[in-house]
Amino acid sequence: GQCITHCPVAALHAREDWQGILDKMADPDVITLVQVAPAVRTAWAESLGFSREEATPGRMAAALRRLGFDYVFDTIFSADLTIMEEGSEFLSRFDSLKEDGMPMFTSCCPGWIRFVKTQYPQLVPYLSSAKSPQQMFGAVSKTYFAKVLGVDPSRLFCVSIMPCVAKKHEADIPTINAAEKGKDVDCVLTTRELARMIRADRIVVGALQEEPFDQPLGLGTGAGEIFGVTGGVMEAALRSAYYLITGKNPEPDSFREIRGQEPWRESELNMGGTRVRVAAVSGLGNTRKLIEKILRGEKHYDFVEVMACPGGCVGGGGQPIHDGEELASVRGEALYRLDKKNPLRFSHENPCVQQLYKEYLGEPLSEKAHELLHTDHNSWHMPGEYKE
Ligand code: SF4
C-alpha cells in the first residue's frame, strides 16, 4: 500500500492536524484520548533508528504520554470488540449467505470499502456491517468511556494513530458517525506523522521506560494484535467463531493455515460439524482476481477477509517507507510474536470487552451495539460510485 509518499500537501495536512491536537491539549476543558492500531507498534520507531526489539509497545505508550495525551489506549481493545460483533454477525447471516451462494466480506479496511463501492457495488450488501476497530473505539470512547469519566462526550477529543492514509477518510464518512455524540474519531495521524511528532518533541525513545496502556480501553488480546497482518482478522474471527459454535476454545494456533504472504490463502474448516470455507486476500489486484472467480462461480467461500495493502496494514500507506525494502512480512512476524506472548489469545476472553457488554452494550448485535458499532455502507456515496 504505497499510495502516498512525500507529498508536500500531505505534509501540510499533517502539520494542521498536529496543530489542531496541540490546541486541544492546551485547552483545560478538553480531554485527549489516543488509540494506536496494531500495525503501528511494529514500525513507529523504524525511522528513529530503533530496532523492533527496542521499540516495544510499552515504550510507544510512554512516548504518547510525553507528547501530552491524557489517555493512551489501544486499538487492539476494539479489534477484540470487532470480532465479537463481526463473528456474531457472520453466524447470524450464515444460512442466508449460503442461500445466495456468497460470502460475507470483512469491512475494516477503508481502501477495500472504496474499491468495492466503486468497482463491485453489487457486493456491498455482502460487507459485514461491523464498523472498523478505529471507529468502534471512537464510538465507545465518546459514550461508555465518557460515562466512566462522568463527563460530557463533547469534552473528549479522540485521536488515532494508524498505518493508513485511507483511515483519515474513513473517520469522515458522514453516516458512520452517530449524530448526537459527534464524530467517533476526531483526528487521524499516520505512523510517519507520529514519528515526526516524536522527533519534533525531542523525545529520546531509548531513554523511555516501558509504561502500560490506560484502562479499560487499553487491554487487548493476541487475536486483536494480529489484525494488522493479512489473514489476522480471519484468524481472530475463527478462534471466537469456533468457541461460539462448539462452546469450547480451539487450540489458539489451529487456524494458522490462513497465515502467509501468498496473494491469497484459503482454508476449509470443520467447526463442530459445520463446514466453513474462508479466504484471506491482500492487495487490490489480487482482490479483483478473487472476486472475479467468486462471481464466475469458480470459488465458493463463506467468509472472506480483504486488505487493500499487500501484506495487510503492516504494509500500509501510512507506514515508514524505506526505498527498495518491503518490510510488511517482518512487521507481520512481530505481530505474531506479540500474539504468542499475550496471556489472552481469544477476543471473547478480553475482560474489558466483557465488562463493556455487561455494563453498557448488553450482548453482541444488541440494539445499542447496532447503534454504536455497525454502519450501512450502502447509505453513503463517493465520487465515481455507481448509483441505481
Ligand atoms: Fe489501511 Fe491498507 Fe490497512 Fe486497508 S490494508 S486499513 S488501506 S493500511
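Axes here are lines fitted to C-alpha atoms, for helices over the stretch in contact, and the angles between them run from 0 to 180 degrees between N-to-C directions. On that basis, helix 3 (residues 75-100) and helix 5 (residues 133-149) of this predicted model pack at an angle of about 100°, with their axes 8 Å apart.

**Overall fold**

- The chain has 388 residues, for which a compact globule would have a radius of gyration near 21 Å, and the value of 20 Å for this chain agrees with that expectation.
- Along its principal axes, the C-alpha trace of the chain spans about 55 × 50 × 45 Å.
- Of the 388 residues, 49% count as buried.
- Among the contacts that join residues at least 6 apart in sequence, 78% are between residues at least 24 apart.

**Packing of helix 3 against helix 5**

- Angles of 65 to 115 degrees count as roughly perpendicular, and helix 3 and helix 5 are therefore roughly perpendicular to each other.
- On the helix 3 side the contact is made by T75, F77, S78, A79, L81 and T82, which meet P133, Q134, M136, F137 and V140 of helix 5.
- By class, this contact of helix 3 with helix 5 has seven nonpolar and four polar residues, and no charged ones.

**Backbone geometry**

- Most residues other than glycine have a negative phi, and most peptide bonds are trans.
- The peptide bond from Q215 to P216 is cis, with omega near 5°, and P216 is found in the loop between helix 7 (191-200) and helix 8 (222-225).
- R202 has a positive phi of about 55° although it is not a glycine; R202 lies in the loop between helix 7 and helix 8, and it counts as exposed because it has 7 C-beta neighbours inside 10 Å.
- L365 also is not a glycine and has a positive phi, of about 70°; L365 lies in the loop between helix 12 (351-361) and helix 13 (367-373), where its 18 C-beta neighbours inside 10 Å make it count as partly exposed.

- T221 is found in the loop between helix 7 and helix 8, and it counts as buried because 29 C-beta neighbours lie inside 10 Å.
- The C-alpha atoms of T221 and L344 are separated by 4.9 Å, although these residues are 123 places apart along the chain.
- Leaving aside neighbours within four places in sequence, T221 is in contact with D80, N342, L344, R345, F346, S347, E349 and N350.
- R265 has its place in strand 6 (residues 264-271) and counts as partly exposed, with 19 C-beta neighbours inside 10 Å.
- R265 and G231 are 34 residues apart in sequence, and their C-alpha atoms are 8.0 Å apart in space.
- Beyond its neighbours within four places in sequence, R265 is in contact with G231, E257, I258, G260, A279 and A280.
- L327 sits in the loop between strand 8 (303-307) and helix 11 (328-341), and it is partly exposed, with 19 other C-beta atoms within 10 Å.
- From C-alpha to C-alpha, L327 and G311 are 9.2 Å apart in space, with a separation of 16 residues in sequence.

Key
Residues numbered from 1 in each chain as written. Predicted model: local features only at pLDDT ≥ 70, side-chain atom pairs only at ≥ 80, totals over all residues. Rg over C-alpha atoms; globule rule 2.2 N^0.38 Å. Buried ≥ 20, exposed ≤ 12 C-beta atoms within 10 Å, placed from the backbone. Contact = placed C-beta atoms within 7 Å. Helix = DSSP H or I, 4+ residues; strand = E, 2+ residues; numbered from the N terminus. Parallel < 35°, antiparallel > 145°, perpendicular 65-115°, else oblique. Nonpolar A, V, L, I, M, F, W, Y, C, P; charged D, E, K, R; others polar.
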